Amino acid sequence: MGLNATNNCSTIWNYGSTTHPLWPVSTSMGAKFIGLPSGAKLHCALKFRTRAFASRKSVKRIKREKQLRLAEEANVVADSSTTTNVDYVKDGNKASSADNLASKKLVAIPSRNSVLQACTVTCGLIAALGVIIRQVSHVASVEGLPVLDCSAEVSFSFELWHLGLVAGLVILISSCRCLLLNAWPDFAESSEAANQQALTSLEPLDYLVVAFLPGISEELLFRGALLPLFGINETTVLAVAIIFGILHLGSGRKYSFVIWATFVGLIYGYATIVSKSIVVAMASHALNNLVGGILWRYTSKSAPE
């Protein structure tokens, strides 16, 4: 009996000191279980292993849940960012559309009939006023009144050398206009606004009407009537040119266009003094209008195709 007890104790001690897969403890811990049945020690070992395994599963589950939570938060942030970007693009498109609409409203485009009718009526009135001034001055001069005879000072005569003068004026004024359109943004904006209103709705042949009617009527009034009525000199040329320039203000044209029209009026005035003929100024004015309209039609992005 004593031998068996000794053997049993030895067996228990050896079991406790053996590195068993289900009992990974040191020899000193095995000594605490001396006298315990081997089943109790096995139960303790299994319980310890189960708790360790459960704790490892808990740690993994916590890590996995944390990763899922971070992924969900990242998706939420991405979705909100995408929504913000989409809203921003939509708002930007709306703002761009509103700006385009507002810019289109700045320049009203009249119909073709309206442009031709307005041009014909206005030019007719201007020409009639010029004819009246010339006729009244002629009658007053014949009657002995101290009034210059506009018909005598500036005639409708035309000589061969006038052709060269007309060609030179067309080249000079058209070249200056092209330079200013590229070098003076405010003048380019004014010219674009005026051309859009007057030329957008017109047919190609209509350009002859809106080029020659204003050229003939305006020169008949300003250089054929007002200039000789107040005396043909440099002061009168400048005064008439300033009036001519101011009357070109409006319809999208700014003060830069007034300066340009005044400069052109000076050139036409001096051409009238040199030639003694209103035909030179009329022809130069009309041809410059035609050249400017054709260049705008085939170079401007807003011109009709």
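## A pair within helix H8

Arg223 and Glu219 both sit in helix H8, four residues apart, which is about one turn of the helix. The two side chains form a salt bridge, and their closest N and O atoms are 2.7 Å apart. The model is a predicted one.

Are these two residues buried or exposed? Arg223 counts as buried because its relative accessibility is 1%, a value under the 20% cut-off. Glu219 has a relative accessibility of 0%, so Glu219 is buried as well.

## The chain as a whole

The chain contains eleven helices and zero strands. Read along the sequence, its pattern is therefore a run of α elements, α-α-α-α-α-α-α-α-α-α-α. Of the 305 residues in the chain, 30% are buried.

How many salt bridges does the chain have? The count comes to four. One of them joins Arg112 to Asp206, with the closest N and O atoms 2.5 Å apart. This pair links distant parts of the chain: Arg112 belongs to helix H4 and Asp206 to helix H8, 94 residues apart. Arg112 is partly exposed, because its relative accessibility is 32%. Asp206 has a relative accessible area of 7%, so Asp206 is buried.

Another salt bridge joins Lys254 to Asp186, and here the closest N and O atoms are 3.7 Å apart. This pair also links distant parts of the chain, 68 residues apart: Lys254 is in the loop between helix H9 (234-246) and H10, while Asp186 is in helix H7. Lys254 is partly exposed, with a relative accessible area of 33%. Asp186 is partly exposed too, with a relative accessible area of 28%. Lys254 and Asp186 belong to a network of salt bridges that also includes Glu189.

## The largest pocket

The largest pocket holds about 1,500 Å³ of space. Rolling a probe the size of a water molecule over the atoms shows where empty space is left. The lining of the largest pocket is made of 50 residues. Those nearest its centre are Ala194, Asn195, Ala198, Arg253 and Phe257.

Which helices supply at least two residues each to this lining? They are helix H4 (112-142), helix H6 (161-183), helix H7 (185-199), H8, helix H10 (255-275) and H11. Sorted by class, the lining has 30 nonpolar, 16 polar and four charged residues.

Five residues make a nonpolar surface patch of about 420 Å²: Leu205, Leu208, Phe212, Ile216 and Leu287. Helix H8 (residues 206-229) gives the most to this patch, with three residues.

Leu287 comes from another part of the chain, helix H11 (residues 278-299).

Leu180 lies in helix H6. Leu180 counts as partly exposed because its relative accessibility is 25%, which falls between the 20% and 50% cut-offs. Leu180 and Trp260 are 80 residues apart along the chain, and their C-alpha atoms are separated by 9.1 Å.

Val274 is placed in helix H10. With 55% relative accessibility, Val274 counts as exposed, because exposed means over 50%. Val274 and His162 are 112 residues apart in sequence, yet 9.9 Å apart in space from C-alpha to C-alpha.

Lys276 is found in the loop between H10 and H11. Its phi is near 60°, a positive value in a residue other than glycine. Lys276 is partly exposed, with a relative accessible area of 43%.

How values were computed
Residues numbered from 1 in each chain as written. Predicted model: local features only at pLDDT ≥ 70, side-chain atom pairs only at ≥ 80, totals over all residues. Heavy atoms only, no water. Patch = residues over 30% accessible without salt bridge, like charges linked within 9 Å, V, L, I, M, F, W, Y side chains within 5 Å. Areas by Shrake-Rupley, 256 points an atom, 1.4 Å probe, with all protein chains shown as cover. 1 Å grid on protein atoms, 1.4 Å probe; cavity = no way out; pocket = protein on both sides within 12 Å on 5 of 7 lines; lining within 4 Å. Points joined across faces, edges and corners; volume = space filled by probe spheres on them. Nonpolar A, V, L, I, M, F, W, Y, C, P; charged D, E, K, R; others polar. Buried < 20%, exposed > 50% of the residue type's maximum accessible area, 1.4 Å probe, protein only.
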